[in-house]
Every structure is written in C-alpha cells, then in structure tokens.
Amino acid sequence: FWGTRRVPPASRTRIIRYLESQVYKDRGHVQQKDIKILALLSEPLRNLLSWELHRRLLTKHRLFDVLQQCIEPMVVRLTSVALSVSALAEQDVPFCAGETAEVCLFVVSGHFLYQPVQESQLPRELSGGEWLVEACLWTEWHHLGTMSTLQAGELCQLHPEKFADVMQMHVWPWDLCQRYASDFLELLNAQDVSRRSDMFWHPKLQDEVHIKSLCTPEIEAWDEAAF
C-alpha cells in the first residue's frame, strides 16, 4: 500500500507510529462505541451520559461550573449538541497563527505546545484539563499563536454557534452569558496588545462569586421543570 501510493517515508512513519499507539491504547480501554447496548438509550439519557463523561473537564472552567449548578439541564443539552472530540497524533497542528478561530478547545489527554506570535511571550505546554481559545465564544477571533501536538491525545471542541444556539434557548442563561461576555471583552481589551494570546485568562473570570453575581434573581431561582 505505502509503495503503490507513494507515501513519503517521513509521513509513513508518523502514520504507522500513531496507528500502533492507538491500537495499543484501545486494548486496555473499552470504547463507548463498542458497547452496543448503549444504542438503546433514549435521547435524554444519551445526552446525560455525554454530560457525565465531560462534566469533570468542562467544570474546570468556572462559567460552566456555575451553569451546571444553576441550570444543569442546559449544559446536559450543550454537551450533546455543541461538543465534539478530536484525536490528534504527534506533530499534528490543531491551528496556526492568523487563522480564524472556529472552536474553543479543552485538553482531554496528551501534551500540546502553544507558541505565541509575540516574541515577548514564552511557549507553553498544555495537558489535560486546560483550555484555550475561549475568546471565539464571545467575539470574532484570529489565532495569536500556533498549537502543535507533542504527545498524541484528544481535544474537546466547543463550537461557538452551537453553544450560542443552546444558551439562547432560555432567556436566563443567555442573559448570564451576555453579562459574562461583556466582562471577558472588557478585560481582554484592557490587556496590553503585546500580552494577548489564545490563552487569555483573568482571575475575575474564574471567580465563582463574581460569576454568580452576574446571575439575575431568576437564574438563582431556576426551576428545572421549566426547561
């Protein structure tokens, strides 16, 4: 196959190495797709399962933690509609500087390197539980650095348009997200241009008390039965 298709040796080695690692990994883990009985689940239960599989990862971000505390049915729907998982091989490049940002990324597994465009910023290694490119959820965004894969892993992708579709299904979570987005953009714009990157982070945006202060009284008194 490799010879007849004229695949260059370097690319051939990368592909084979990745396939071997995936086969080895799958031997020790039962994959969700291999559990046939899960196909019998109702749609709400499939959504619930998807949420439970991603809960620990997403709630590391304080906004999603607050959302699940107040209106869990909404984030259950979110994970089934707006979330996808992408497998990456060593040396894969999820995005390059200058490209239009299409997804907010959460690192599920593996190791990645983020190389900012600004020479004043140092490269940063990323591992499970970290996120980046949140800005694309709140505004049009172009990548300010390049991300590459150091060790094969998986990225959880949150799609902005689908995220917005779910959040605006009800006025209360939509209002919370608008208030949070306003804070996010205000803090982003206040940052020196030379310090900006796809990994923008501010302690105020991870302060549970502050985020809950953005909630209207209606959100705090949310009745799940109304969803």
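Modeller: In this predicted model, the contact I would begin with is the one in which Asn47, Leu48, Ser50, Trp51, His54, Arg55 and Leu58 of helix 3 meet Phe64, Gln68, Glu72, Val75, Val76, Thr79 and Ser80 of helix 4. By class, the residues of this contact divide into 6 nonpolar, 6 polar and 2 charged. As for the geometry, the axes of helix 3 (residues 43-58) and helix 4 (residues 62-81) come within 8 Å and cross at roughly 135°, which means that helix 3 is oblique to helix 4. The crossing of helix 3 past helix 4 is right-handed.

Turning to the other pair, helix 5 (residues 160-167) packs with helix 6 (residues 171-190) at an angle of about 130°, their axes being 8 Å apart, so helix 5 is likewise oblique to helix 6. Here Phe163, Ala164 and Met167 of helix 5 make the contact with Pro173, Trp174 and Cys177 of helix 6, and the residues involved divide into 6 nonpolar, no polar and no charged.

Cys177, which belongs to this contact, is buried, because its relative accessible area is 3%, under the 20% cut-off. Cys156 is also buried, with a relative accessible area of 0%. As to bonding, the structure holds 0 disulfides; for Cys156, the closest cysteine sulfur is that of Cys104, and because the two sulfurs are 9.1 Å apart, they are too far from each other for a bond, the cut-off being within 2.5 Å.

Terms used
Residues numbered from 1 in each chain as written. Predicted model: local features only at pLDDT ≥ 70, side-chain atom pairs only at ≥ 80, totals over all residues. Heavy atoms only, no water. Axes fitted to C-alpha atoms, helices over the stretch in contact; angles between N-to-C directions. Helix = DSSP H or I, 4+ residues; strand = E, 2+ residues; numbered from the N terminus. Parallel < 35°, antiparallel > 145°, perpendicular 65-115°, else oblique. Contact = heavy atoms within 4.5 Å. Nonpolar A, V, L, I, M, F, W, Y, C, P; charged D, E, K, R; others polar. Buried < 20%, exposed > 50% of the residue type's maximum accessible area, 1.4 Å probe, protein only. Left-handed = near helix turned anticlockwise from the far one by under 90°.
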